[in-house]
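Hi,

Here is the structure I promised to pass on. Please have a look at it, and then read on for what turned up.

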There are 2 protein chains.
Amino acid sequence: MSRNDAFRALGRQECLRLLAGVPVGRVIYTRQALPAVLPVNFSLDTDASVLLATSPGSDLVRAVDGTVVAFEADEFRAETRSGWSVIVTGRATVVTDPAEHERLVRTGPASWMPLRETVFVRIEAEMVTGRELRGATAGQ
Amino acid sequence: MSRNDAFRALGRQECLRLLAGVPVGRVIYTRQALPAVLPVNFSLDTDASVLLATSPGSDLVRAVDGTVVAFEADEFRAETRSGWSVIVTGRATVVTDPAEHERLVRTGPASWMPLRETVFVRIEAEMVTGRELRGATAGQ
(Lines give C-alpha, C1' and ligand atoms only; values in the text may rest on other atoms or scores of the structure.)
Protein backbone atom coordinates (compact mmCIF):
# COMPACT_ATOMS: atom_id res chain seq x y z
CA MET A 1 0.00 0.00 0.00
CA SER A 2 1.51 3.29 -1.01
CA ARG A 3 1.42 6.54 0.86
CA ASN A 4 -1.27 7.83 -1.47
CA ASP A 5 -3.65 4.99 -0.70
CA ALA A 6 -3.54 5.66 3.03
CA PHE A 7 -4.41 9.34 2.77
CA ARG A 8 -7.28 11.17 1.15
CA ALA A 9 -7.10 14.91 0.53
CA LEU A 10 -10.10 16.79 1.88
CA GLY A 11 -11.92 19.58 0.08
CA ARG A 12 -12.33 23.02 1.62
CA GLN A 13 -15.95 22.50 2.67
CA GLU A 14 -15.13 19.13 4.24
CA CYS A 15 -12.24 20.77 6.12
CA LEU A 16 -14.45 23.55 7.46
CA ARG A 17 -17.14 21.07 8.54
CA LEU A 18 -14.56 19.04 10.49
CA LEU A 19 -13.06 22.17 12.06
CA ALA A 20 -16.49 23.29 13.22
CA GLY A 21 -16.85 20.07 15.21
CA VAL A 22 -13.86 20.41 17.55
CA PRO A 23 -13.29 22.95 20.34
CA VAL A 24 -9.47 23.07 20.42
CA GLY A 25 -6.87 23.68 17.74
CA ARG A 26 -3.28 24.89 17.65
CA VAL A 27 -1.81 28.17 16.44
CA ILE A 28 1.53 27.67 14.71
CA TYR A 29 3.72 30.76 14.61
CA THR A 30 7.22 32.06 15.03
CA ARG A 31 8.47 33.41 18.35
CA GLN A 32 11.97 34.82 18.61
CA ALA A 33 12.87 33.15 15.32
CA LEU A 34 11.82 29.70 16.62
CA PRO A 35 8.81 27.60 15.65
CA ALA A 36 6.11 27.93 18.30
CA VAL A 37 2.73 26.35 18.93
CA LEU A 38 -0.13 27.06 21.33
CA PRO A 39 -3.33 25.03 21.80
CA VAL A 40 -6.36 27.32 21.92
CA ASN A 41 -10.13 27.30 21.81
CA PHE A 42 -11.50 28.69 18.59
CA SER A 43 -14.57 29.14 16.46
CA LEU A 44 -15.17 29.73 12.78
CA ASP A 45 -16.57 33.04 11.61
CA THR A 46 -19.11 33.27 8.82
CA ASP A 47 -16.36 33.94 6.26
CA ALA A 48 -14.53 30.77 7.41
CA SER A 49 -11.80 32.70 9.21
CA VAL A 50 -10.61 31.19 12.50
CA LEU A 51 -11.33 33.23 15.63
CA LEU A 52 -9.37 32.94 18.87
CA ALA A 53 -10.01 34.63 22.21
CA THR A 54 -7.01 35.54 24.31
CA SER A 55 -5.66 38.15 26.77
CA PRO A 56 -4.63 41.57 25.45
CA GLY A 57 -1.14 41.21 26.91
CA SER A 58 -0.48 37.65 25.81
CA ASP A 59 2.69 36.57 24.01
CA LEU A 60 0.46 35.22 21.28
CA VAL A 61 -1.02 38.63 20.43
CA ARG A 62 2.41 40.25 20.31
CA ALA A 63 3.86 37.46 18.17
CA VAL A 64 1.15 36.92 15.60
CA ASP A 65 -0.55 40.28 14.89
CA GLY A 66 0.00 41.04 11.21
CA THR A 67 1.94 37.85 10.42
CA VAL A 68 1.02 34.71 8.51
CA VAL A 69 0.32 31.81 10.86
CA ALA A 70 -0.99 28.28 10.52
CA PHE A 71 -3.86 26.87 12.54
CA GLU A 72 -4.26 23.13 12.91
CA ALA A 73 -6.90 20.82 14.33
CA ASP A 74 -7.15 17.07 14.15
CA GLU A 75 -8.76 13.96 15.58
CA PHE A 76 -7.09 10.56 15.55
CA ARG A 77 -8.26 7.19 16.85
CA ALA A 78 -5.56 4.75 17.97
CA GLU A 79 -7.91 1.73 17.78
CA THR A 80 -8.45 2.14 14.05
CA ARG A 81 -5.27 4.09 13.22
CA SER A 82 -7.44 6.58 11.44
CA GLY A 83 -8.31 10.23 11.68
CA TRP A 84 -8.08 13.61 10.00
CA SER A 85 -6.18 16.85 10.21
CA VAL A 86 -6.98 20.28 8.80
CA ILE A 87 -4.64 23.25 8.45
CA VAL A 88 -5.69 26.86 7.83
CA THR A 89 -2.91 29.21 6.78
CA GLY A 90 -3.36 32.97 6.59
CA ARG A 91 -2.72 36.37 8.07
CA ALA A 92 -3.53 36.87 11.74
CA THR A 93 -4.89 40.20 12.94
CA VAL A 94 -6.14 41.44 16.26
CA VAL A 95 -9.75 42.64 16.05
CA THR A 96 -9.64 46.36 16.92
CA ASP A 97 -12.97 47.59 15.56
CA PRO A 98 -15.28 48.13 18.58
CA ALA A 99 -18.46 46.99 16.79
CA GLU A 100 -16.73 43.87 15.53
CA HIS A 101 -15.36 43.20 19.03
CA GLU A 102 -18.88 43.54 20.45
CA ARG A 103 -20.25 41.11 17.91
CA LEU A 104 -17.56 38.57 18.81
CA VAL A 105 -18.18 38.95 22.54
CA ARG A 106 -21.69 37.71 21.78
CA THR A 107 -21.03 35.18 19.05
CA GLY A 108 -17.29 34.45 19.02
CA PRO A 109 -15.21 31.77 20.71
CA ALA A 110 -15.21 31.31 24.48
CA SER A 111 -11.85 30.46 25.99
CA TRP A 112 -11.69 27.60 28.50
CA MET A 113 -9.11 29.75 30.22
CA PRO A 114 -10.76 32.48 32.30
CA LEU A 115 -9.77 35.88 30.86
CA ARG A 116 -10.02 39.18 32.73
CA GLU A 117 -10.06 40.99 29.39
CA THR A 118 -10.51 39.45 25.98
CA VAL A 119 -9.09 40.30 22.60
CA PHE A 120 -10.04 38.38 19.50
CA VAL A 121 -7.53 37.30 16.89
CA ARG A 122 -8.73 36.49 13.39
CA ILE A 123 -6.83 34.12 11.09
CA GLU A 124 -7.90 34.55 7.48
CA ALA A 125 -8.66 31.25 5.75
CA GLU A 126 -6.43 32.04 2.78
CA MET A 127 -5.38 28.41 2.39
CA VAL A 128 -7.36 25.49 3.80
CA THR A 129 -5.95 21.99 3.42
CA GLY A 130 -6.80 18.72 5.07
CA ARG A 131 -6.33 15.04 4.82
CA GLU A 132 -7.95 11.93 6.15
CA LEU A 133 -5.97 8.91 7.24
CA ARG A 134 -8.01 5.84 6.55
CA GLY A 135 -7.52 2.94 8.90
CA ALA A 136 -4.34 1.46 7.44
CA THR A 137 -3.33 -1.90 8.76
CA ALA A 138 -1.98 -3.67 5.67
CA GLY A 139 1.74 -4.25 5.87
CA GLN A 140 2.00 -2.93 9.41
CA MET B 1 -9.81 33.64 38.68
CA SER B 2 -6.64 34.80 37.03
CA ARG B 3 -4.84 33.21 34.14
CA ASN B 4 -2.24 31.80 36.53
CA ASP B 5 -4.82 29.92 38.58
CA ALA B 6 -6.16 28.07 35.55
CA PHE B 7 -2.81 26.73 34.39
CA ARG B 8 -0.15 24.72 36.12
CA ALA B 9 3.35 24.46 34.63
CA LEU B 10 4.53 20.87 34.32
CA GLY B 11 8.02 19.63 35.16
CA ARG B 12 10.22 17.88 32.61
CA GLN B 13 9.56 14.38 34.00
CA GLU B 14 5.82 14.97 34.10
CA CYS B 15 5.96 16.21 30.49
CA LEU B 16 7.84 13.12 29.32
CA ARG B 17 5.44 10.80 31.14
CA LEU B 18 2.45 12.45 29.44
CA LEU B 19 4.17 12.36 26.03
CA ALA B 20 4.85 8.65 26.44
CA GLY B 21 1.12 8.00 26.79
CA VAL B 22 -0.09 9.36 23.43
CA PRO B 23 0.58 7.99 19.93
CA VAL B 24 0.28 11.18 17.84
CA GLY B 25 1.93 14.57 18.11
CA ARG B 26 2.66 17.43 15.73
CA VAL B 27 5.92 18.64 14.24
CA ILE B 28 6.06 22.42 13.97
CA TYR B 29 8.53 23.72 11.43
CA THR B 30 9.08 26.26 8.68
CA ARG B 31 8.41 25.44 5.04
CA GLN B 32 9.12 28.01 2.38
CA ALA B 33 9.31 30.70 5.05
CA LEU B 34 5.80 29.86 6.32
CA PRO B 35 4.80 28.18 9.58
CA ALA B 36 3.99 24.52 8.94
CA VAL B 37 2.64 21.64 11.02
CA LEU B 38 2.29 17.91 10.46
CA PRO B 39 0.64 15.35 12.75
CA VAL B 40 2.84 12.26 13.13
CA ASN B 41 3.23 9.11 15.15
CA PHE B 42 6.21 9.24 17.47
CA SER B 43 7.98 7.56 20.32
CA LEU B 44 10.45 8.73 22.95
CA ASP B 45 14.00 7.46 22.87
CA THR B 46 15.88 6.60 26.05
CA ASP B 47 17.49 10.07 26.13
CA ALA B 48 14.02 11.69 25.90
CA SER B 49 14.49 12.75 22.29
CA VAL B 50 11.39 12.46 20.08
CA LEU B 51 11.59 9.93 17.25
CA LEU B 52 9.48 10.08 14.10
CA ALA B 53 9.26 7.58 11.25
CA THR B 54 8.66 8.95 7.77
CA SER B 55 9.48 8.40 4.06
CA PRO B 56 12.99 9.23 2.81
CA GLY B 57 11.61 11.56 0.16
CA SER B 58 9.05 13.36 2.32
CA ASP B 59 8.75 17.14 2.48
CA LEU B 60 9.23 16.85 6.21
CA VAL B 61 12.70 15.33 5.92
CA ARG B 62 13.81 17.99 3.45
CA ALA B 63 12.40 20.80 5.56
CA VAL B 64 13.55 19.86 9.05
CA ASP B 65 16.92 18.09 8.80
CA GLY B 66 19.43 20.21 10.75
CA THR B 67 16.93 22.85 11.86
CA VAL B 68 15.31 23.63 15.20
CA VAL B 69 11.70 22.45 15.31
CA ALA B 70 8.98 22.18 17.93
CA PHE B 71 7.02 19.05 18.67
CA GLU B 72 3.68 19.26 20.43
CA ALA B 73 1.26 16.75 21.92
CA ASP B 74 -1.83 17.38 23.99
CA GLU B 75 -5.06 15.93 25.32
CA PHE B 76 -8.11 18.03 26.13
CA ARG B 77 -11.52 17.09 27.44
CA ALA B 78 -14.44 19.30 26.46
CA GLU B 79 -16.69 17.99 29.26
CA THR B 80 -14.35 19.25 31.99
CA ARG B 81 -12.59 22.00 29.99
CA SER B 82 -9.33 20.51 31.16
CA GLY B 83 -6.26 18.93 29.66
CA TRP B 84 -2.56 19.27 29.09
CA SER B 85 -0.06 20.15 26.38
CA VAL B 86 3.65 19.48 26.13
CA ILE B 87 6.13 21.08 23.72
CA VAL B 88 9.61 19.77 22.95
CA THR B 89 11.90 22.19 21.12
CA GLY B 90 15.24 21.15 19.66
CA ARG B 91 17.32 20.34 16.64
CA ALA B 92 15.93 17.74 14.21
CA THR B 93 18.29 15.36 12.44
CA VAL B 94 17.76 12.43 10.15
CA VAL B 95 19.24 9.22 11.57
CA THR B 96 21.93 8.17 9.10
CA ASP B 97 24.02 5.74 11.20
CA PRO B 98 23.14 2.20 9.98
CA ALA B 99 23.40 0.58 13.43
CA GLU B 100 21.20 3.28 14.94
CA HIS B 101 18.71 2.88 12.10
CA GLU B 102 18.60 -0.89 12.73
CA ARG B 103 17.97 -0.34 16.42
CA LEU B 104 15.10 2.03 15.63
CA VAL B 105 13.56 -0.39 13.13
CA ARG B 106 13.21 -2.78 16.07
CA THR B 107 12.44 -0.37 18.90
CA GLY B 108 11.47 2.97 17.34
CA PRO B 109 8.12 4.46 16.37
CA ALA B 110 5.78 2.71 13.94
CA SER B 111 3.94 5.00 11.54
CA TRP B 112 0.21 4.49 11.07
CA MET B 113 0.91 5.44 7.49
CA PRO B 114 2.31 2.47 5.56
CA LEU B 115 5.84 3.35 4.40
CA ARG B 116 7.72 1.58 1.62
CA GLU B 117 10.98 2.80 3.10
CA THR B 118 11.47 4.38 6.49
CA VAL B 119 13.80 7.07 7.73
CA PHE B 120 13.85 8.14 11.35
CA VAL B 121 14.02 11.75 12.43
CA ARG B 122 15.25 12.60 15.90
CA ILE B 123 14.25 15.80 17.71
CA GLU B 124 16.58 16.56 20.60
CA ALA B 125 14.73 17.39 23.83
CA GLU B 126 16.70 20.59 24.39
CA MET B 127 13.72 22.37 25.88
CA VAL B 128 10.69 20.57 27.32
CA THR B 129 7.77 22.65 28.58
CA GLY B 130 4.22 21.76 29.43
CA ARG B 131 1.16 23.01 31.15
CA GLU B 132 -1.99 21.59 32.56
CA LEU B 133 -5.33 23.33 32.24
CA ARG B 134 -7.40 22.53 35.27
CA GLY B 135 -11.12 22.39 34.75
CA ALA B 136 -11.95 26.09 34.88
CA THR B 137 -15.60 26.96 35.05
CA ALA B 138 -15.69 29.96 37.41
CA GLY B 139 -16.67 33.15 35.66
CA GLN B 140 -17.33 31.44 32.33
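Let me start with strand E7 (residues 119-123) of chain A: 5 of its 5 residues are buried, so the strand is largely enclosed by the rest of the structure. Buried here means under 20% relative accessible area, exposed means over 50%, and partly exposed lies in between (1.4 Å probe, protein chains only). Strands (E, at least two residues) and helices (H or I, at least four) are DSSP runs, numbered from the N terminus. Cover is found on both faces of E7(A): Val119(A), Val121(A) and Ile123(A) are buried on one side, and Phe120(A) and Arg122(A) on the other.

A word on the ground rules: this is a predicted model, in which local features need pLDDT of at least 70 and side-chain atom pairs count only at pLDDT 80 or more, while totals for chains, interfaces and linings use all residues. Residues are numbered from 1 along each chain as its sequence is written, chains are lettered from A and ligands numbered from 1 in the order in which they are written, and side-chain values use heavy atoms, with hydrogens and water left out.

Now to the partners of E7(A). Strand E4 (residues 50-54) of chain A runs antiparallel to E7(A) and is joined to it by 5 bridges; pairing requires that DSSP finds at least two bridges between two strands. In this pair, Thr54(A) stands opposite Val119(A). Strand E6 (residues 82-94) of chain A also pairs with E7(A) in the antiparallel sense, over 3 bridges, and there Val94(A) is opposite Val121(A).

Over in chain B, helix H2 (residues 12-19) has Cys15(B), Leu16(B), Leu18(B) and Leu19(B) buried. These four lie on the same side of H2(B), because they cover an arc of only 160 degrees around the axis, taken from the directions from the helix axis to the C-beta atoms. Gln13(B) and Arg17(B), on the other side of H2(B), are exposed. Among the elements covering the buried residues are strands E1 (7-10), E3 (34-44) and E8 (127-133) of chain B, where contact means heavy atoms within 4.5 Å.

How do the two chains relate? The same surface serves both, as 100% of the contact residues of chain B recur in chain A.

Best wishes
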